[in-house]
Amino acid sequence: MKKTTIESPLHYYERNPLIIIGFWLLAAALLYWVYDSIFNKNDLRDIHPLSFFSVVPASIVLFQALWFTVNPYALIYKDRFEVKRSIFDNKEWYFLDLKKIDELKKNGFSVVYNDDEAERIRLLGIRKSHLGNLYTKLSSSISDSLSARSKTLSKP
């Protein structure tokens, strides 16, 4: 039996509470509309057939709201960082692959890979007070990774 260890993040950054509240309100409205259009009828012949198809978007929004509540927006580990925008859009970057971070703009920044290819990271939904702290921690982690790489390359 293989034992695995769970790596705990060094830093985590929260979501904007207005987005979480907005998704919960949207989920409540959609679920109420589904309940009202399917289960709150006197006769089954009054139910519109398309009402059953509205269950899928309502359940997706409900799970997205629950996921937003439980998961943080960004996590920084020892060797990588993750950005969890939604259920369908999670991405992680390893510090070993990155050369630098371009300047922080109001909705995100760009990371530059070792082959000088840039990728824009949009941070819509992160708490505004955490945006600057995330940028400074990432730039210091990338510079630490670069110095560790240069030390290993300079050894004979």
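**A walk around the surface**

Helix 2, which spans residues 55–70, supplies the largest share of a nonpolar patch, giving five residues to it. Keep in mind as you look that this is a predicted model. The whole patch is made up of Trp 24, Val 56, Ile 60, Phe 63, Leu 66, Val 70, Ile 87 and Phe 88.

You can find Ile 87 in the loop that runs between strand 3 (80–84) and strand 4 (90–94). Its relative accessibility is 32%, so Ile 87 counts as partly exposed, a label used for values between 20% and 50%.

Now turn to the largest pocket, whose volume is about 180 Å³. Which residues line the largest pocket? They are Arg 15, Ile 19, Phe 23, Phe 68, Tyr 73, Arg 85, Asn 107, Arg 122, Leu 123, Leu 124 and Gly 125. Sorted by class, this lining holds six nonpolar residues, two polar ones and three charged ones.

Our last stop is Asp 116, in the loop between strand 6 (108–113) and strand 7 (118–122). Most residues other than glycine have a negative phi. Is Asp 116 buried or exposed? With a relative accessible area of 55%, Asp 116 is exposed, because the cut-off for that label is over 50%.

Notes: Residues are numbered from 1 along each chain as its sequence is written. This is a predicted model: local features need pLDDT of at least 70, side-chain atom pairs count only at pLDDT 80 or more; totals for chains, interfaces and linings use all residues. Side-chain values use heavy atoms; hydrogens and water are left out. Patches are made of residues with over 30% relative accessible area and no salt bridge: like charges are joined within 9 Å, nonpolar side chains (Val, Leu, Ile, Met, Phe, Trp, Tyr) within 5 Å. Accessible areas come from the Shrake-Rupley method with a 1.4 Å probe; for residues, only the protein chains shown count as cover. A salt bridge is a side-chain nitrogen of Lys or Arg within 4 Å of a carboxyl oxygen of Asp or Glu. Helices (H or I, at least four residues) and strands (E, at least two) are DSSP runs, numbered from the N terminus. Buried means under 20% relative accessible area, exposed over 50%, partly exposed in between (1.4 Å probe, protein chains only). On a 1 Å grid over the protein atoms alone, a cavity is a set of points where a 1.4 Å probe fits but cannot get out, and a pocket is an open set with protein on both sides within 12 Å along at least five of seven lines; lining residues have an atom within 4 Å of a point. Grid points are joined across faces, edges and corners, and a volume is the space filled by probe spheres set on the points. Ala, Val, Leu, Ile, Met, Phe, Trp, Tyr, Cys and Pro count as nonpolar, Asp, Glu, Lys and Arg as charged, and the others, Gly among them, as polar.
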